[in-house]
Amino acid sequence: MDSMNNIEAQRRLKVARTYMAEAEKLAEVKSAEARAEATYLLGVGVSRQRSAIQDGFNTMVDNFAVTTGLSADTVRALIYTTQFFDSSVGMVARGTGVPNRLFLSHAPDAVLEQTRQLHSTLGSSYLDFTSFPTPEQQAIARRRIQRDEKVADETATAGGAATALDEPSDRGAEETKGDERKSKVT
């Protein structure tokens, strides 16, 4: 008789587990539907909020334009500029009153202009960024660096006393002319 009771108990447990799984599934589906509905309603609320802000902005612009005699476009430009400066100050100071951000222009000549302003503000002499080395001068400098690195590597591995003068020269014409002048003087 105990075995029959055990069989019947197992059958009932199996049916109960099936019902429990269905109940959990139904609860998860309802929870997901509730989250989806809440997200939808949040979006509707944000949309209505933005519409109200835009309507209020348009009303303010119209009232400001009527009272000042300015055009609506001029009023909008004035408001946008004011908001830009207000937000810039808010981002820079972050409530501390101490600036901790630097805003840079994105115009093509901005780096040069910012450098000029920085040097004039700090009182240091202005660096002339218009006289960068020519490609030939850059090639000479690269060869010089490579030669010096090669000499340093050979010196480190051989333990000898090789110098830059022991290496074959791969210098440009301007360097060799300077060396010829030096040798004539000595």
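Contact here means heavy atoms within 4.5 Å. The model is predicted: local features need pLDDT of at least 70, side-chain atom pairs count only at pLDDT 80 or more, and totals for chains, interfaces and linings use all residues. Residues are numbered from 1 along each chain as its sequence is written, and side-chain values use heavy atoms, with hydrogens and water left out.

**View 1. Surroundings of Ile79.** Residues up to four places away in sequence not being counted, Ile79 touches Phe57, Met60 and Val61.

**View 2. The largest nonpolar core.** A nonpolar core is a set of buried Ala, Val, Leu, Ile, Met, Phe, Trp, Tyr and Cys residues joined through side-chain atoms within 4.5 Å; buried means under 20% relative accessible area (1.4 Å probe, protein chains only). The largest such core has 5 residues, namely Phe57, Val61, Ala65, Val75 and Ile79. H1 and helix H2 (72–93) are the elements that give two or more residues to this core, and H1 supplies its largest share, 3 residues.

**View 3. Helix H1 and its end.** Helices (H or I, at least four residues) and strands (E, at least two) are DSSP runs, numbered from the N terminus. H1 spans residues 2–68, 67 residues in total, and reaches 97 Å from its first C-alpha to its last, close to the expected 99 Å; the expected span is 1.5 Å times one less than the number of residues. Within H1, Phe57, Val61 and Ala65 are buried. Just after H1, Gly69 adopts a positive phi of about 85 degrees.

**View 4. Context of the close-ups.** The protein contains 5 helices and 0 strands. Of its 186 residues, 10% are buried.

Methods: Buried means under 20% relative accessible area, exposed over 50%, partly exposed in between (1.4 Å probe, protein chains only).
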